[in-house]
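The entries follow in the order of my reading.

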Amino acid sequence: GFFRYKNHVANSDGPFYDYTAYTECKAVPEEPLYSGGILKDQPPFVQQSSSGDYTPALLLHNLSNGTIYCFSIWVKIQGADSALVQASLTADNNSTFDCVGSVLAKSGCWSFLKGGFVLNSPATSSILYFQPSANQSINIAIASASLQPFTDQEWRMNQQLMIKSVTTTSILAFHPDDLNSNGNKLQGASITVEQVSKDFPFGSAIASTIIGNVPYQKWFVKRFNAAVFENELKWYATEPQRGKVNYTVSDQMLEFIRANQIIVRGHNIFWEDPKYTPAWVRDLTDEELKLAVKSRIQSLMSKYKEQFVHWDISNEMLHFDFYEQRLGPNATLHFYKAAHKADPLATLFLNEFNVVENCSDVNATVDVYISRLRELESGGAPMNGIGLEGHFSTPNLPLMRAILDKLATLGLPIWLTEVDISSKFDKNVQAIYLEQVLREGFSHPAVNGIMLWTALHPKGCYQMCLTDNNLQNLPAGNVVDKLLKAWKTGKISSHTDNFGSYSFYGFLGEYKVHVQYGNRTANSTLSLSRGDQTKHFSIQL
């Protein structure tokens, strides 16, 4: 229930972001992060809420626009066993934020709330206040408040440190017969290093529109090493009428995936939203539904055993509960167990929206997600993956990072599974927000993969397209191409130092190395994988 990932790199200016988060309820609150930051030694005051209750609040002075404010505090309640407490902000510049952080607080112990906000215009005086999301009459106590500002530049620097800090590499060139003053280490050898593939899975949804569309296929393969089928594996797609199962389309899509060594997520076995459950399934009796569900898992998982690296088992189950209503409270637990039995190598995910996008949705706060996942785990479900859809409107980056910090306490791989930006924004704004979200996801030490929800359709994509129908980049596509280039180690040519060694920062993945010394040459490959220590390789000429 505790996550700490400190980054200390010499000669860097500004505050280091503190990734510390806690999910267990503690008898005594921990010390505030950043020693309290700009809230150091500032006492809270009490104000009357809209429901008439008195709730604690903090007065904030002279907040500037564009500054990223990271906020954390410990919360304890009286008057209920547990309650969802939201932190909200009102500023004298007419800005209001319904939720800048939330916590499922308990009676008798302290819970950790972490969040943040960015103002669009400066505010002389602002109030950060805490109240229960439901109209519960409870007392709220707060302790160890912290508010740490970061400039945009400091925030970006912290992201860069996290990207860089896991991938330092040292190559030693030597020859067993060359005994000089340095032993057998070859100084001044020319060395070329080139990244040939990436370790970090970065991909997009695809649809049946990719079948037979060679230009689209080439465009996709050039950019992405991971994919997910937008709708083609969903129950309504594979069995539109009872008993008439058809995997032709998904088979054709899988052929393209296999031919290009792309990893693919399985999405999804069940969708808890009745709207997306096949009509014939909704009409079954409970007994018939039990059999249909069993048959769905068997059919899908046996056909595609070991083909999909992940499965979203019970999609969006924090918002909807069609199967639990019909088959009882343990329905989801049975789905996970049956899927694991059918395909033990697949990582099983809990895939959900509005967990990382905001904290206003009371059905899907980070603590609600964690408690549901733990509940399934304690029932024996093999919960191996955290799936955060990432359908963003205006991103709140410090809140996004704080939520990822809290989820990181679970020690499970976190994937952003369906990233896009709402179509209510124009294409240029979509691109700006997309870049912010992608940088935040890629630089977080607990995020293991990112999928875009940008399957191409002639009549437009779900919310956001990367290209037009002629595969010409739209602004969002330009952002993706720019980041793909930035997140790959360019070709490096250099020489070994006096000790026969050469060090470089490299992104995770596979590399080819060429070393030349006089008339001797050597070619080698090396693999950079996760881990924060320097990797050492030796090459013999």
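A residue is called buried under 20% relative accessible area, exposed over 50%, and partly exposed in between. Cys25 therefore counts as partly exposed, at 24% relative accessibility. I note that the model is predicted.

Entry on the disulfides. I looked up how many disulfides there are, and the count comes to three. I found Cys25 joined to Cys109, with an S to S distance of 2.0 Å. The chain positions of this pair are 84 residues apart: Cys25 is in the loop between strands S2 and S3, and Cys109 is in the loop between strands S7 and S8. The link of Cys25 and Cys109 is right-handed, with 100° about the S-S bond. Cys109 has a relative accessible area of 15%, so I list Cys109 as buried.

I next recorded the disulfide of Cys99 and Cys359. The torsion about its S-S bond is about -120°, so this disulfide is left-handed. Cys99 lies in strand S7 and Cys359 in the loop between strand S17 and helix H9, so the bond ties together parts 260 residues apart in sequence. Both Cys99 and Cys359 are buried.

Cys461 and Cys465 also form a disulfide, and their link is right-handed, with 105° about the S-S bond.

Cys70 is in no disulfide, and the nearest cysteine sulfur, that of Cys359, is 14 Å away. Cys70 is buried, with a relative accessible area of 6%.

Entry on strand S13. I found five of the five residues of S13 buried. S13 pairs in the parallel sense with strand S14 over four bridges. From S13 the chain crosses through helix H2 to S14, and this β-α-β crossover is right-handed.

Note on methods:
Residues are numbered from 1 along each chain as its sequence is written. This is a predicted model: local features need pLDDT of at least 70, side-chain atom pairs count only at pLDDT 80 or more; totals for chains, interfaces and linings use all residues. Side-chain values use heavy atoms; hydrogens and water are left out. Buried means under 20% relative accessible area, exposed over 50%, partly exposed in between (1.4 Å probe, protein chains only). Helices (H or I, at least four residues) and strands (E, at least two) are DSSP runs, numbered from the N terminus. Two strands pair if DSSP finds at least two bridges between them. A crossover is right-handed if, with the strands pointing away from the viewer, the path from the first strand over the helix to the second runs clockwise. A disulfide is a pair of cysteine sulfur atoms within 2.5 Å.
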